[in-house]
Amino acid sequence: MRPLSLTMTAFGPFAGSETIRFAELGENPLFLINGPTGSGKTTILDAICFALYGKTTGDEREGAQMRCDLAASDILTELTFEFELAGRSFRIRRMPEQQRPKTRGEGTTTQSPEAQLFELLAEGKENLIVASKVSEATREIEELTGLSVEQFRQVMVLPQGKFRQLLMADSSEREKIFSQLFQTRIYKRLEESLKAKAAEIRRERERQLQLQQGMLEGASLESVEALGNELAELEPAEKTARDGKTQKEESFVTADKAYEQAKALLAEFVQLDATSAKLKGHDQEKEQTDRERKSLQRAEQAGKLQPLINECSRCAAELTAAQKVFSQSTTRQEAAGKSLAGAFDNQSESKKLQQSLDQARQQTAQLEGYRIRADKLTTARQVFQAAILATEQSELLLNFKLLADQYLCLHELEQLTKDWERQELLIQEKQERETSLRQTFAKLEQQAKELELAWHQGQAAILAAELRAGDPCPVCGSCEHPSPVRTGLRLPNQQDVELARQQTRDAFTAIGTAQKQTSEEVEKLRDLERRITTRQESVDAANSLPELKVQIGALQNRSVELAFTLPDRHQVAKLDTESLRKQLENKKGALSEAKAQRDAAERELPENYCEPGALNQAIAQELKQIEQLERQIETLATAYQKAQNEMAAAATALASAEEQQAKTEKTLAQALNNWNTALGDSSFADEAEFQAALLDEESSAALKKKVDDFDATGQRLSGALQQLQKQLQNKQRPALDLLEAQRNSAEEERTRAVEVWLQLDKRLSLLQDTGKKLQKAAAERAELDRQYAVIGTLSDVANGQTGNKVSLQRFVLSVLLDDVLVEASHRLNLMSKGRYQLLRKEDRAKGNKASGLELEVEDAYTGKVRPVATLSGGESFMAALALALGLSDVVQAYAGGIRLDTLFIDEGFGSLDAESLDLAIRTLIDLQSAGRMVGIISHVAELKEQLSLRIDVFSGREGSSLRVITP
């Protein structure tokens, strides 16, 4: 990453807006950030780190604490940082939480933190990546740079007081940093994958053993050997039982067959007896059946004569009917004559009615002439009434919209206020927890510093204890030791120091998490405040929710009276108030126009017919009178015509009835003659005997069926008896009880044999199935053992469970660290005038502690290797600088690594003597020549003389300012 420009506004000691354009320093510059103490040199690094991650380099101050106290209240604190990364350019703008003046009224309000991230494209275009959320911007920066804020501080910005962190980190911390920088997570994933696979194989083998034990217990066996022994005994016993079962089944089949045959033979004898008894009973009914057969024959003879007597009855009935019709026709002719005389007398009255009818029709025609005017008036009145209704509905809808908007705003404002109160209580809880965590962190940090100081002092005491008169000191090289350190107290070991450091880091991480949660909740609170302000601006303070409910209820009642449906809350939200007002004005204009048209129509019609329905009522009365007159005239004419028609019809009917009566008398005489002739020729003595022989159709059919059934039954029984006698000829009745007893005995023996065999066969099948399953399980265990021999060994090696306890990822990182140390030792050797080189400690750590990435320093003056913690302040600075530069070289040498194009160093040069300072500057110049941007923060005068590129920072009563100095 390479900085392009940085703009700071009201940040740190800078009260106004200050911009650094790094391009003015040239390509790959080595420059000095110079200024008096407290002027704001370190603030520049804080600004870069805060713009990227929302945290300062020292992480000792929050964003809200970075606001300049000298800045004007209307100037907001914000940072804008442009940088280049892997050929792409970006701009990030970040604003911390701060107090600002209210836009209306007096006092201040809290400005929520914001962050925007843009990618700068060609031709001045840009692409928005993050709109405002600070957490999203930080996450995007971490993904772009590949570094967290802690790693950024360790490899790109060496902040004041933080030089020794990367140098003093233990194996676990250094593994986290290096794995991120060199992208070696693939090896960690391989470790975890192998470990998970090995654990899965172990679990599966244990499950197989449990499955085998479950198989044996399910078969009531103690071991696999017991299974083989029982199978050897059971197989011959099962074969013997199976043979016995087969023999008993054959015996049962023979006995059962004999029993079934005897049962069938006995059934045939029983059937023979029953058929013989039925035939005997049938013969006893023959005499009765013969009498019924004779009655059936007499009925058939009578049936042949019945049509003749029926014809006589029919002719007699027709004669009676004809005589009745003749009498009725005579009476009808007399009545028709009287009606015709009366109708003729009423014809004079019909002429008077016709005159009245003509007068009524003339009056109706005159009234019909007024109908067009009356219709025009009716239409005008309907339009006027519709306009009144439409205007009132439109006014009702507008009022409802206004009240509903007020109600919704008040209701939402009330809910937002409750949410704001709850959110404020939640933030108070978060802030209290954050304060508690800070107190815990301060306490742990103080304890860790005291413990580390005691450890360093203890190292000196340990070295002093090993000093011998005349031998050179491994630290200073002196052969004289006038005041060696002595102590009688228990000295803390490295594990105690590391534990204290870890506890401090955990506490610091907890503070960061709490801060993030608090910031998120504060951002939610600010959003609620903005929404409350917006709602307050659109609410009429004179209204309240209860009053609005009453007014809305009155409008709803009125809408029911008008048969008008008001919109629901979703529909009313979509209505536009101005559109509703325009609609109401249009409706009022239409109402005025409709009233004018109604008044004009009323003037065109006589006053008597202006009232609604008056004209129609008058016309209806005239039409009703016309209808009555027409009906009376038609009634008189119809009555006269009807009387004439009835007179003619009565005369015709009388002549026809007289002719029909004569005809039916002749037909009856012929039918009686035919009947008497046929009866005399029949076997019946008289008509009474004939009537006695008659049967109706249903009785005749039933009697015939009964006779036919009797004959068929006799034939069937005779045939069946002959067939059974033939089948049972020379056969005896069987002794069924004896055969049944023999069959039951054979069945019991078969059942006992089957039960014995089933018991043995079930046990044998269980043992055989168990044996097959055990064989399969044994094969699966052997396969698992074969797999574990490979996977388990690989997992142990990859996860550092063998040898020196070095995992695969740590082994890869140790190789990379060796490359880093080669580069770092080259620079450290130059800066220390050939005295020091950095080495990787290869001895295994005690216990289960991770090892393989610890650092040591080789002292050429003493020829000994000792911990890096024993270096002095100036030596630690040179070692840390060399390590950072070596890391930068190696990271970029590997494909896919993170580019470290920039390095900022904050102080530390004051601990070097003039010669060491000159060597350090030469090292940085070499780094610059290799394409790096290097920035140094220091007030050392020698640096100002040696470096021509500077950013000078000036302090004053109104705040600090800066200026870029170039040759």
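Biologist: Why does Ala360 count as buried?

Modeller: This is a predicted model, so every value is computed from it. Buried means under 20% relative accessible area. Ala360 has 4% relative accessibility, so Ala360 counts as buried.

Biologist: Where is Ala360, and what does Ala360 touch?

Modeller: Ala360 sits in helix α9, residues 347–368. Leaving aside neighbours within four places in sequence, Ala360 is in contact with Glu622, Gln625 and Ile626.

Biologist: How far apart are Ala360 and Glu622, in sequence and in space?

Modeller: In sequence, they are 262 residues apart. In space, their C-alpha atoms are 6.2 Å apart.

Biologist: What makes Arg598 buried?

Modeller: The cut-off is again under 20%. Arg598 has 18% relative accessibility, so Arg598 counts as buried. Arg598 belongs to helix α14, residues 577–603. Not counting residues up to four places away in sequence, Arg598 touches Leu377, Ala380, Arg381 and Phe384.

Biologist: Now the charged pairs. How do you know that Arg207 and Glu204 form a salt bridge?

Modeller: A side-chain nitrogen of Lys or Arg must be within 4 Å of a carboxyl oxygen of Asp or Glu. For Arg207 and Glu204, the closest N and O atoms are 2.6 Å apart. That is within 4 Å, so the pair is a salt bridge.

Biologist: Why are Arg207 and Glu204 about one helical turn apart?

Modeller: They are 3 residues apart in helix α6, residues 185–218, so about one helical turn separates them.

Biologist: Why is Arg207 called partly exposed?

Modeller: Partly exposed lies between buried, under 20%, and exposed, over 50%. Arg207 has a relative accessible area of 40%, so Arg207 is partly exposed. Glu204 has 26%, so Glu204 counts as partly exposed too.

Biologist: What makes Lys239 and Asp243 a salt bridge?

Modeller: The closest N and O atoms of Lys239 and Asp243 are 3.4 Å apart. The limit is 4 Å, so the pair passes. Both residues lie in helix α7, residues 224–283. They are 4 residues apart, about one turn of the helix. Lys239 is partly exposed at 45%, and Asp243 is partly exposed at 41%.

Biologist: Which residue forms a salt bridge with Lys245?

Modeller: Glu249 does, with the closest N and O atoms 3.5 Å apart. Lys245 and Glu249 both lie in α7, 4 residues apart.

Biologist: Is Lys245 buried or exposed?

Modeller: Lys245 has 12% relative accessibility, so Lys245 counts as buried. Glu249, at 28%, counts as partly exposed. Elsewhere, salt bridges that share partners join Arg835, Asp859, Arg866 and Glu875 into one network.

Biologist: How many salt bridges does a search of the whole structure find?

Modeller: The search finds 37.

Biologist: Let us turn to helix packing. Why are α8 and α17 called oblique to each other?

Modeller: Their axes come within 10 Å and cross at roughly 140°. Roughly perpendicular ends at 115 degrees, and roughly antiparallel needs over 145. The angle falls between these limits, so α8 and α17 are oblique. The crossing of α8 past α17 is left-handed.

Biologist: Which residues make the contact?

Modeller: On α8, they include Lys286, Thr289 and Glu292. On α17, they include Ser700, Leu703 and Phe710. The residues of this contact divide into 4 nonpolar, 3 polar and 6 charged.

Note on methods
Residues numbered from 1 in each chain as written. Predicted model: local features only at pLDDT ≥ 70, side-chain atom pairs only at ≥ 80, totals over all residues. Heavy atoms only, no water. Axes fitted to C-alpha atoms, helices over the stretch in contact; angles between N-to-C directions. Helix = DSSP H or I, 4+ residues; strand = E, 2+ residues; numbered from the N terminus. Parallel < 35°, antiparallel > 145°, perpendicular 65-115°, else oblique. Left-handed = near helix turned anticlockwise from the far one by under 90°. Contact = heavy atoms within 4.5 Å. Nonpolar A, V, L, I, M, F, W, Y, C, P; charged D, E, K, R; others polar. Buried < 20%, exposed > 50% of the residue type's maximum accessible area, 1.4 Å probe, protein only.
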